[in-house]
Amino acid sequence: MKKTWKRLTALLLSLLMILSLTACGGSGGNSDTKEDTSQAAEQTAENSTAAQTDSEGETYIFTDSTGREVELPVNITRAACGGPLANIMIYAVNPDVIVGWSSKPSETAQKYIDKSLWDLPEYGKFYGNSEDFNREALMASAPEVIIDVGEWDEEYKADLDALQEQLGIPVILVEANLEENPAAFRTMGKLLGQEERGEELASYCEEVLKDAKEKAASIPEEDRVTVYYGEGEDGLSTMIAGTIHAQIFELVGAQMVVQQDDAQTSQGGGSVSMEQLMAWDPDVIAFASGSIYETVGEDETWQALKAISGNNYFEIPAEPYNWIGRPPGPNRMIGVRWLGNMLYPEVFDYDIEQEVKDFFKLFYRYDLTDEEMQELLGNSTLKN
C-alpha cells in the first residue's frame, strides 16, 4: 500500500507539472515548447522513480536463523551485541559498528580488544528473564539493529519478537553452533558490509573442522583417550558428553567419561563426586581456568588419579575467552587445534605456537609475542 501511494504521488506531481507548463505556454504554444514540456515531464517521472528506488533500497527484508523476517538497513553502521557470542563474532567481522556490549570485555579480554571500545555501554542479557538488562542504556546508544548469536528454540524466538516490538528496533539471531560457524561468519559479513572478511573467517573455520574430522577418524577406537573436564573451586563441576560444551573434545576423538546419567546436571554441565571420578580414573584431566589446576599436583586425593600422578593434566587457555566453551564461541576454533595437539600430538601434528599466532592475527588483529605465548600455553602445551 505504501509503495502504491508513492507511485500515485509521483504520477500526480508529473501531471501537475505538465498542466502548469501547458498553462504558461497557452494553447497557441509552439512545438518546441510542447517538446520541452514533454521532456520535463519524463525527466520528473524518472527522478521520482529513482528517488523511490533509492528510498526503498535503504532497507531490505532479512530472514534470520529462526525464520523471522526482519526489515534491516542495507548499510548497518550501528549494531548492539545481544549476547557474549555476538560480542566476539561481531568484533571479529567489523568492530567499527559496535555501539554497546551485552557484557563489557573483562580486563583479560581488553588486551585483545581495541581500546576505543572498552567503555561502550553495557546492556546485560535480554533473554532468560535476566534482571540485569538495561533497556535505557540500549536505547540511548541508538543501534540500528540488535544482533544475537547462538542457539535458539521457539520460546526464545517469541522473546525476540517481543523485544523487537517493545523497543521498536530490529532484533535478529544468527545461529552459530560449532558446525554453523562458517555459515554464521558469512552471514555476519553480509550483514555488516564485510563480505570478504566474513568469507576469510568462514574459510578458516571450514578448514579447521574438516581437518579435525579427518584426523580424528584416523584414530583407532582402542587408542582414544578418556578425558575428564574439571571446573569450579573443587574441580568437581564438569562437562557432560553430548552437550554443546563437550563438542570440542568429541570432535578431536576424545571420550568424555561423564555421561548424561552420571551427574547432577546444570546449564549444560553437572557435578560429580570424587568417588565417581576415582572409579572412572580418566587418562587425561583438563581443568578450566580459575579451577584447581595449580594445587592438584600436591593434593594426595587427586594424586591417586593416574592422570595427575602421570602428569597428564593441563589447564585450558582462556584468553581472551575460553578455548573450549563458556562461552562456546569462535575461540573454539583454535581450541580444536590446540586440544587435538594436546591429546594426540602425533596425529594433530601442528606447530601449535604458529597456529595460535595465526588465529589471534586473523580473529583479533593482534600480534602475539613469544612472552605472551608462554603465558597462554604455560599450563598446557609449554608446561614441561
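Which residue in β6 is the bridge partner of Ile146? The legends below start from the whole chain and reach that pair in the third view.

**View 1. The predicted chain and its confidence.** This is a predicted model, in which local features need pLDDT of at least 70 and side-chain atom pairs count only at pLDDT 80 or more, while totals for chains, interfaces and linings use all residues. Residues are numbered from 1 along each chain as its sequence is written, and side-chain values use heavy atoms, with hydrogens and water left out. pLDDT is the predictor's confidence in each residue, from 0 to 100; its mean over the protein chain is 85, with 83% of residues at 70 or more. Over residues 1–56 pLDDT stays under 50, and the model has 18 contacts beyond four places in sequence for this stretch (contact: heavy atoms within 4.5 Å). Where pLDDT is low, the predicted coordinates should not be read in detail. The protein chain has 16 helices and 13 strands, taken as DSSP runs numbered from the N terminus (helices H or I, at least four residues; strands E, at least two).

View 2. Tyr60 is opposite Leu72 of β2. Five residues lie between the strands, and Gly67 has a positive phi near 95°.

**View 3. The open sheet β4-β3-β5-β6.** The four strands of this sheet, in the order β4-β3-β5-β6, pair in parallel. At its edges are β4 (98–100) and β6, each of which pairs on one side only. On average, neighbouring strands are turned by 40° against each other, direction ignored. Two bridges link β3 (residues 79–81) with β4, where Ile98 is the partner of Ala79. Strand β5 (residues 145–149) is joined to β6 by four bridges, and the bridge partner of Ile146 is Val171. In β6 (residues 171–174), Val171 and Leu173 on one side and Ile172 and Val174 on the other are all buried (under 20% relative accessible area, 1.4 Å probe, protein chains only; exposed is over 50%, partly exposed in between).

**View 4. The largest nonpolar core around Met188.** A nonpolar core is a set of buried Ala, Val, Leu, Ile, Met, Phe, Trp, Tyr and Cys residues joined through side-chain atoms within 4.5 Å. The largest one has 83 residues, and Met188 is among those that touch the most other members, as are Ile147 and Phe249. Helix α3 (residues 84–93) supplies the largest share, eight residues. Leaving out residues up to four places away in sequence, Met188 touches Met89, Ile90, Val93, Ile147, Val149 and Val174. Another core, of 18 residues, lies apart from it and includes Tyr228 and Ile292.

View 5. Four strands in the order β9-β7-β12-β13 form an open sheet with parallel pairing. Because β9 (255–256) and β13 (313–315) stand at the edges with a single partner strand each, one side of each is left without a neighbour in the sheet. β12 (residues 284–287) is joined to β13 by three bridges, and Phe287 has Glu315 as its partner in β13. Helix α14 (residues 332–343) lies across β7 (226–230), β12 and β13, at about 160° to β13; axes are lines fitted to C-alpha atoms, for helices over the stretch in contact, and angles run from 0 to 180 degrees between N-to-C directions.

Notes
Two strands pair if DSSP finds at least two bridges between them.
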